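Trainee: Could we go through this structure together, one question at a time?

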Amino acid sequence: MFLLVSHNKGMTRGAAALLLAVSIAAPSVLAAPPVALRISNESAPAGGWAQIRIYAQQPTAIAAGRLVLKLDPTAFGPDVRVGLFGANADSVGVATIDWPNIDIQFASGTAGIGQLAGLPVIVVSVPVSPTAFGRLPVAATSPDSTVTVEPGSVTVGGSLSIRDIPANMGVLAAGATVPVSGTGFTEASQLVIEGVALASTHYISPTEIDLVIGGDAELAGKLARVTDGSHKFEYYCFQSGAPSSQGSTYGAQFSSTQPLFPLFASPSVTGYSSYAGGAVAIQNPSATAASIAYTWAHCCSWANSFGASYVIPPGGWVLADGISDSNFSLNADRPVRVVAMSLCGGPGGLPACLTSTTPVDTAAVPSAPAMSLTPASLAVAWQTGAPAPADRTVLVARSVSVTATAASGASWLSVKTAPTYLSGATLTVSFNPSGLAPGVYQGTIQVRGAAASEAALPVTLTVTAAAVPILSASPATIAFTAPSTTAAPYQQTVTLAASAAPTPFSITLDEGTWLKVSPMSGTTPATLTLTWDPAVTSQIYYQQRTTGASMTISSPGNVVVIPATFTFTGVQTFQTFLGASGTGPDGLVFSALTGSAAQRQTINVDPQGVITATVDQPWMTAEADSNQTVVVTVNPAGLTPAVYTGAVTISEPGQAPIAVPVKFAVWSKPPKLTISKPSFTFVQTVGAPLVDYQSALLDSAGIPVPVTIFTSGAWLNVVDRYSAPTPTTLSIGIVNPPLKPGQYDGSFTIQSPGDSLYVPVTLLVEPGRATPPALASVVNVASGIAGAVAPGEIVSLRGYAVGAAAPSGLKLDPTGKLAAELNGLRVTFDGVPAPIVYTSTNQTNLIVPYEVTGRTSTAMRVTYTAPSGLVQAVAWVLPVTAAAPAIFTVGSTGVGQGVILNQDNSVNSAANPAAPGSTIAIIATGEGQTSPAGITGVTSPPFLVKPLLPVTASIGGVAAEVWAARSAPGYFEGVLQVDIVVPAGLPPGPQPITISVDGVSSQAGVTVAVQ
């Protein structure tokens, strides 16, 4: 985004216009050097509670880290609770308490940790000993060197402290009562929570104050402040994950571990536990109980799957089994928050390590097909006194891990299961009718698979004194022959008959077989038509000349199995260029510079018989060897630049020969590469099936040349079919896409002799829309600090899926105002659409409508129109204030060098300081209502728009003359420009600078460079 700003003092308007880049997208992930953190200096009463806060030294994007906090056990108690914060609602971690050490591991897939100036990375609430006194140092180290930590302290003093503000319930509804526990409360104590509208507060006792929420609000991450006279205590609300060992095989090993839950919740989550074992913490942020169906399966034995179910009360959490080396999935009847942990093991290793999880987009992913049984029922007949009926086989599709039980008929019915590799399972059904009187008996086999899928197999057993018809088939075997794998199918027939009377039958085929049979069921007498599927035979390996199959014909009295074979009668080859396995080849292609050395390629031939090879062009030779390969050599010597064609004929006694076409390009100057599509963009939804590949034609003026392709980005796949030379069709697609929403940039480079082509690829990962967007915070875009919102203030919404999948900057609507909808995203305040100035997956920046003027609170709602339908976030009710000023800073960190112009319109910096007595222009937002009244979304107002409230300023603590305060010329309302005079007598260097609107000051930590 760019701000067009200008200021003047006796100079031509517009002469000082400057494009000032203000970055408002998420910062990039910081990988190295280690992240610099600092422990704050706090105060707390003896016998009360301290909240130790750990901040980023400078707001930055943190993807992961680990630190160990060591406390003085004589000054602090072991009842420790840890909270973790981030900008994008996906911050997750584990804290292991080995008193007095607190080992904390944290991560954010979107690097949202540490991005906001007003938000700690970690808070640790801990009791202070009644005998503690003085200044208590607090330090931390990083065992894996991912962070560095500047020490801080807790000074013992005062009487006020907050022990706990429950924040495990997600978005609380208006009217909800929140009990605040602590110490030192009196009737005169005042308690507020920044950014949360409160209806009332009620003093209960010196250790409790109850708050009544004035509007829907999320408490996690909000700063609470209790004051009583000159005493003050501040506390960041956080989700509590007190130690628990419930429900887990490995519970005892996690008994000292606190899961640090993300704000994002999903009704369906998958993940993996390490070889050493693990557990999955599941938290319910809903106001009603959550029912969980939980399944895990060992990675190497799909036959061994297990399940469990949990009911989690509102705000509560359970610890579920992870099992070593296993995959897990859970499905809930409402969104839940999940932390997956594994036992790390090893000397010095963490007792618990984070493992990744994937929220599943149930709106985007089609429901898994129901379990399928073939046949769907069994009917068996038995003549008394005869041997027991033969076992019957039932195939279970779409589930690789099943259990089967005889739910009824157990006295004569039994079943065994056997898994097949990743394709299903086989049930062997057995019968023991001995002792049964003539009659019809009904039974059922209940089949259960992974992910709570199940199916019932009805079984009918007829016991009779009469003879049971026995089915017969003719012929007993079937054989097909064809010259190639893609030859046109022909048909054969099998006749079915029965010994005594017509009898029903059904047919079962192996899964994925090439054999096709019709009809698949009926009554004898009948004629079956058999043929093959070329789509299957074309995939048979070229050296497998004969391939088997079978069909099973079942009748109540018996089972007949007919084997079948498919044999190729022609020479089969596997080609390296342009050909498909067993079907070709379509040809060999060579490319050479004039005068260069000869080139060779090899054709692989099926292994039976003695092969010979002949050629029809003088520039080509072919030699067959005993390894069933043909080596083809082409020689450009004496050839002028052109494209030559020929053929190699491969023969084998008793088999049909095959002619292999050959193309040979000879060139003196390498042709230039061209591609039909110069760039690619993919939009992938988390948890959804991979998006389709895109294609492009790669050519080189019709002259074949070899190419080599290099890709950038582990998620990018470029397929050049069989490494073919040009012209060729490239297929570009996504593999293993990142699991976290955001924009990812990649590319591929195509190189040929004498040329190179660069192709950019953009991947936009859209959050799954299984749940509404998860808001984490609403902050002033300039300061990064949360609080009440002001009319016209530019704010930033941070969280999971709070923006559009495709990033977009501001646009104008047909009326010329800033658009209130970008890429399907819309945000309203009390129903009034807010102008959007930027949106991306986890961040949306917008202008608070001027229509909130005079209100005490406003309901903000995020709405997104996705292909899967309309989704909305729960409305947040935000307090409204008259003004919330903040100064933009260079780098958009909220602290440090301000976005300030010197009198000559140059950018203020340490290398370009402002002279005392000169006029500087400060760029800010949050001045509130204007005069004339602000118009929501208007750009470049033709009249002078000033703040309605008085504006003052100071530099280095010295009041500065305000020359002018008005909307920044050439830009939209909501951007404030304040021109002030630099006071004389200031020391040179960076000086703190603030502006105040009606006595409300901008954020601390902003500086201006002074000469």
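Mentor: What follows is a set of questions and answers on a few residues, a sheet and some aromatic rings.

Mentor: This is a predicted model, in which local features need pLDDT of at least 70 and side-chain atom pairs count only at pLDDT 80 or more, while totals for chains, interfaces and linings use all residues. Residues are numbered from 1 along each chain as its sequence is written, and side-chain values use heavy atoms, with hydrogens and water left out.

Trainee: Is Ser554 buried or exposed?

Mentor: Ser554 is found in strand β47, residues 546-554, where strands are DSSP runs of E with at least two residues, numbered from the N terminus. Buried means under 20% relative accessible area, exposed over 50% and partly exposed in between, with a 1.4 Å probe and protein chains only. Because its relative accessibility is 18%, Ser554 counts as buried.

Trainee: Which residues does Thr621 touch, not counting residues up to four places away in sequence?

Mentor: Thr621 lies in strand β53, residues 620-624, and is partly exposed, with a relative accessible area of 46%. Its C-alpha atom is separated by 5.8 Å from that of Val632, 11 residues apart along the chain. Taking contact as heavy atoms within 4.5 Å, Thr621 touches Val615, Val631, Val632 and Thr633, residues up to four places away not being counted.

Trainee: Which strands stand at the edges of the open sheet formed by 5 strands?

Mentor: Two strands pair if DSSP finds at least two bridges between them, and here the order is β65-β66-β72-β71-β67, with antiparallel pairing. One side of each edge strand is left without a neighbour in the sheet, because each has a single partner strand; the edge strands are β65 (774-780) and β67 (808-809).

Trainee: What is the bridge partner of Val795 in β72?

Mentor: Strand β66, residues 794-800, and strand β72, residues 843-847, pair in the antiparallel sense over 5 bridges. In β72, the partner of Val795 is Leu846.

Trainee: How are the rings of Phe480 and Trp532 arranged?

Mentor: Rings of Phe, Tyr and Trp (its six-membered ring) pair if their centres lie within 6.5 Å, and planes under 30 degrees apart count as stacked, over 60 as edge-to-face and the rest as tilted. The structure holds 17 aromatic pairs; in one of them, the centres of Phe480 and Trp532 are 5.5 Å apart and the planes are at 75 degrees, so the pair is edge-to-face.

Trainee: Which residues form one aromatic cluster?

Mentor: Phe480 and Trp532 are both buried. The rings of Phe566 and Phe568 have centres 5.3 Å apart and planes at 80 degrees, and therefore also form an edge-to-face pair. The cluster consists of Phe480, Tyr490, Trp514, Trp532, Phe566 and Phe568.

Definitions and conventions
Helix = DSSP H or I, 4+ residues; strand = E, 2+ residues; numbered from the N terminus.
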